[in-house]
Amino acid sequence: MALRLSWKRQGALSIRVDNVVKRFGTFAALNGVSLEAEPGEFLALLGPSGSGKTTLLRIMAGLEFPDSGAVLFEGRDVTGLGVRDRRIGFVFQHYALFPHMNVADNVAFGLTVKRRRERPKRAEIERRSQELLELVQLGELGRRYPAQLSGGQRQRVALARALAVDPKLLLLDEPFGALDAKVRKELRRWLRDLHDRMGLTSVFVTHDQEEALELADRVVVMDRGLIEQVAGPQQIYDDPASAFVYDFVGDSNRLPVTVDEGRVMFDGQALDLPVEPGPDGPALLYFRPHDATLVDEGAAGALPMQIAQAIHLGGVTRIEGKVAGLEPLIDVRIGGRNVPPAGRSVGVRLRRARLFPA
């Protein structure tokens with residue numbers, strides 16, 4: 001049964017980032033970024049280090065300010081407001097808990113430092129703190145100190161503290177980055193459930209594509225201070241808007257090819273491909289490991305490959321092979337263990353692929 005909070009919660013808000021530019025010296029962390037999140041949406045900012053995702057999150061929070069552009073909450077311009085005046089909850093990667101305070105006091109901290117006219121009475125603060133500890137399944141641990149908790153428990157405390165100020169917007173900066181893989185999986189499912197129950201708008205930063213695809217309603221893929229694509233998880237994976245998105249999200253193979261009069265050529269051979277060829281000239285062919293299958297050597301239209309090794313991964317076998325001396329090796333995933341030995345030459349036929357300009 002979901003916990004019913006004793007104080008009145010406000011509704012989720014919409015957020016709009018409008019043509020935001022942010023530079024650090026000569027480095028453009030954000031270069032004209034625009035983005036919208038609907039009330040109650042769970043949005044993931046995904047990208048490699050240096051892509052601008054954390055800078056964008058901090059600008060939403062009021063921890064950084066843009067050189068130009070605007071941030072709007074429910075249509076209200078909050079660009080010049082600091083974090084204290086934005087009614088947001090912020091969760092850091094490394095918890096940022098106060099080691100000298102017990103768990104209950106850590107959760108209550110944001111309420112105790114409110115302006116006097118906005119600060120609840122002490123009894124109300126204690127009640128909210130305990131309710132939130134119950135919500136994050138730590139109701140019996142209020143008197144413990146952060147050093148006495150596991151990493152997963154500390155992150156739950158950090159989330160409870162962010163929720164204590166009754167935010168309309170929850171911002172999370174790689175909240176599970178310091179945790180091991182098993183705890184990460186457990187906590188991210190719990191976080192999605194918490195988001196839905198609390199009725200928040202949530203934006204979180206991650207470089208973990210699996211985390212973004214599992215948690216988010218929409219994924220924002222960023223690179224070098226720009227947004228490459230904004231779409232639902234399935235569309236991001238199945239219909240990437242650029243070669244960067246295809247390469248970054250999910251496992252993929254890339255081959256340099258040439259389009260010649262409607263034929264896709266590789267190493268002097270025309271490939272039989274389920275793609276619409278683009279204009280003549282150099283191109284890049286992308287395909288997923290599970291969108292390929294092995295056929296006999298010399299099969300018409302198949303990609304010639306020499307098997308380097310086979311790695312059994314439970315019910316799937318990953319076959320790595322050499323293609324025309326290129327590096328890295330091509331990755332093909334097939335079911336079962338009955339695979340040709342290393343050194344055998346085979347053909348690779350593609351069921352699905354994408355062409356992008358070179």
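This is a predicted model: local features need pLDDT of at least 70, side-chain atom pairs count only at pLDDT 80 or more; totals for chains, interfaces and linings use all residues.
## Strand β9 and its neighbours

Strand β9 spans residues 218–223 and is mostly covered, with 5 of its 6 residues buried. Strand β3 (residues 42–46) runs parallel to β9, and 4 bridges join the two. Within this pairing, Leu43 has Arg218 of β9 as its bridge partner.

β9 also pairs with strand β10 (residues 226–231), here in the antiparallel sense and over 5 bridges. Asp223 has Leu226 of β10 as its bridge partner. The hairpin of β9 and β10 has 2 residues between the strands, and Arg224 takes a positive phi near 50° in this hairpin.

## Salt bridges between separate parts of the chain

Side chains of opposite charge can pair when their charged atoms come close. The whole structure contains 22 salt bridges. One of them joins the side chains of Arg218 and Glu41, at 2.4 Å from N to O. Arg218 belongs to strand β9 and Glu41 to the loop between β2 (27–37) and β3, so this pair ties together parts that are 177 residues apart in sequence. Arg218 is partly exposed, with a relative accessible area of 25%. Glu41 counts as buried because its relative accessibility is 9%, and the cut-off for buried is under 20%.

A salt bridge also forms between Asp239 and Arg354, whose side chains meet at 3.2 Å from N to O. Asp239 sits in the loop between α7 (233–238) and α8 (243–248), while Arg354 is in strand β20 (residues 354–357); the two are 115 residues apart. Asp239 is partly exposed at a relative accessible area of 40%, and Arg354 is partly exposed at 24%.

Arg188 and Glu214 form a salt bridge in which the closest N and O atoms are 3.0 Å apart. Arg188 lies in helix α5 (residues 181–198) and Glu214 in helix α6 (residues 209–215), so the pair ties together parts that are 26 residues apart in sequence. Arg188 is buried, with a relative accessible area of 2%, whereas Glu214 is partly exposed at 36%.

Both residues belong to a network of salt bridges that also links Lys185, Arg189, Glu210 and Glu211.

## Surface patches

Arg84, Arg116, Arg117 and Arg119 form a positive surface patch. Arg119 is placed in the loop between α2 (103–112) and α3 (122–135), and is partly exposed at 35% relative accessibility.

Leu63, Val83 and Phe92 make a nonpolar surface patch of about 200 Å². Val83 is in the loop between β5 (76–77) and β6 (88–91). Its relative accessibility is 35%, so Val83 counts as partly exposed.

Definitions and conventions: Residues are numbered from 1 along each chain as its sequence is written. Side-chain values use heavy atoms; hydrogens and water are left out. Patches are made of residues with over 30% relative accessible area and no salt bridge: like charges are joined within 9 Å, nonpolar side chains (Val, Leu, Ile, Met, Phe, Trp, Tyr) within 5 Å. Accessible areas come from the Shrake-Rupley method with a 1.4 Å probe; for residues, only the protein chains shown count as cover. A salt bridge is a side-chain nitrogen of Lys or Arg within 4 Å of a carboxyl oxygen of Asp or Glu. Lys and Arg count as positive and Asp and Glu as negative; His and the chain ends are not counted. The place of a charge is taken as NZ of Lys, CZ of Arg, CG of Asp or CD of Glu. Buried means under 20% relative accessible area, exposed over 50%, partly exposed in between (1.4 Å probe, protein chains only). Two strands pair if DSSP finds at least two bridges between them.
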